[in-house]
Amino acid sequence: MSLITSIQKYSIHDGDGIRTTVFFKGCLLKCVWCHNPETQNYKKQPSYDRERCVGCLSCEKACPQKAIHEENGKVVTDLKLCDACGTCTDYCNLNLREIIGKEYTVDELVKELRKDEMFYEESGGGVTLSGGEVMTADMDYVEELCKKLVHHGITVTIDTCGQAPYENFERLLPYVNTFLYDIKTMDNEIHKRYIGAGNELILSNLEKISAAGARIYIRIPTIREVNGTDKAMNDIIAYLKEKNIQVAQVNLLPYHNTGSGKYVKIGKVYEGTELHAPSKEEMNHFVELFKSAGFHNIKIGG
């Protein structure tokens, strides 16, 4: 069974119409700017708001693993000792602690997602499976989930970075309405530096699902230091045209750091502080590059 970090209702940036987005836990990539760092790890993990903690130490007394202690006036959790049992969450007087990652049976999740069927029907929306990277989750679970959603007339969109075995994509092709497919950069060295792996598998999978007839929205997180140049954008355009990728829409997603505050809560450091979003004028210019190359459905943002 896969772990779910959150279920986001009334989402309007994760595909067509009004959607409910399910965030799966675990991803093989480590993007420097990741907006959902709590979804990178495949296991349950503790999170707590260090800034608001008043140091009452109720959690320290309750922790069966003795993973919590005071150090230099701060309450510290030793992540090597913590087994994410969740006992501390019951004793935090300000509710600042939580365990990230919840198990749902497929039927439980489908029941929750069907609560918003009226909104899906009226807006042309549905359910988006995201992450983390849903394509590296338990594929028996994901396939059964997709089958049951489609059975109930709910369209399924997959938000993916593409770093997963192709057979996982192949299993879901019959049930997925749209793939929101990330391309960060064609420069493999830059890809390794900022994303944590090369782009070979990502591009190979994109070519294969396109050839199989998938409906694809290309999403480009647009970051000045990574791909925010004419050359970088033209390289992506040239690739899409050369490989005859069947692109239904292109979304240029300006960099933002709204997820940076999550890092300290899970004991990590945000490393994207030197990154910047292109200006509004630059973003509009990139849109024109795609239009000039024959792409017609180009949007800034989700």
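One thing before I go on: what you're looking at is a predicted model.

Okay, let's go to helix H11. H11 covers residues 280–292, which is 13 residues. From the first C-alpha to the last, H11 reaches 18 Å, close to the 18 Å you'd expect at 1.5 Å a residue. Which residues of H11 are buried? They are Met283, Phe286, Val287, Leu289 and Phe290. Now look down the axis of H11: these buried residues fall within an arc of 155°, so they line one face of the helix. Turn to the face pointing away from that buried side, and you'll find the exposed residues Glu281 and Ser292.

And what sits over the buried residues? The cover includes strand E11 (216–222), helix H9 (230–242), strand E12 (247–254) and strand E13 (298–300). After H11 comes Gly294, and if you check the backbone there, its phi is positive, near 100°.

Side chains of opposite charge can pair when their charged atoms come close. In this model the count is 14 salt bridges. I'll walk you through a few.

Here's Arg224 again, as promised. Its partner is Glu282, with the closest N and O atoms 2.7 Å apart. Arg224 is in the loop between E11 and H9, while Glu282 belongs to helix H11, so this pair ties together parts that are 58 residues apart in sequence. Glu282 is partly exposed too, at a relative accessible area of 27%.

While we're on salt bridges, there's also a network: Lys9, Glu112, Lys115 and Asp116 are joined into one by bridges that share partners.

Next pair: Arg171 and Asp140, whose side chains meet at 2.7 Å, N to O. This one links distant parts of the chain, with Arg171 in helix H6 (residues 166–172) and Asp140 in helix H5 (residues 139–151), 31 residues apart. Arg171 is partly exposed, with a relative accessible area of 29%, whereas Asp140 is exposed, at 52%.

Last one: Lys184 and Asp182 form a salt bridge at 3.3 Å, N to O. So where are those two, buried or exposed? Both Lys184 and Asp182 are buried.

That's my tour, thanks everyone.

Note on methods. Residues are numbered from 1 along each chain as its sequence is written. This is a predicted model: local features need pLDDT of at least 70, side-chain atom pairs count only at pLDDT 80 or more; totals for chains, interfaces and linings use all residues. Side-chain values use heavy atoms; hydrogens and water are left out. Helices (H or I, at least four residues) and strands (E, at least two) are DSSP runs, numbered from the N terminus. The expected span of a helix is 1.5 Å times one less than its number of residues. Buried means under 20% relative accessible area, exposed over 50%, partly exposed in between (1.4 Å probe, protein chains only). The arc is that of the directions from the helix axis to the C-beta atoms. Contact means heavy atoms within 4.5 Å. A salt bridge is a side-chain nitrogen of Lys or Arg within 4 Å of a carboxyl oxygen of Asp or Glu.
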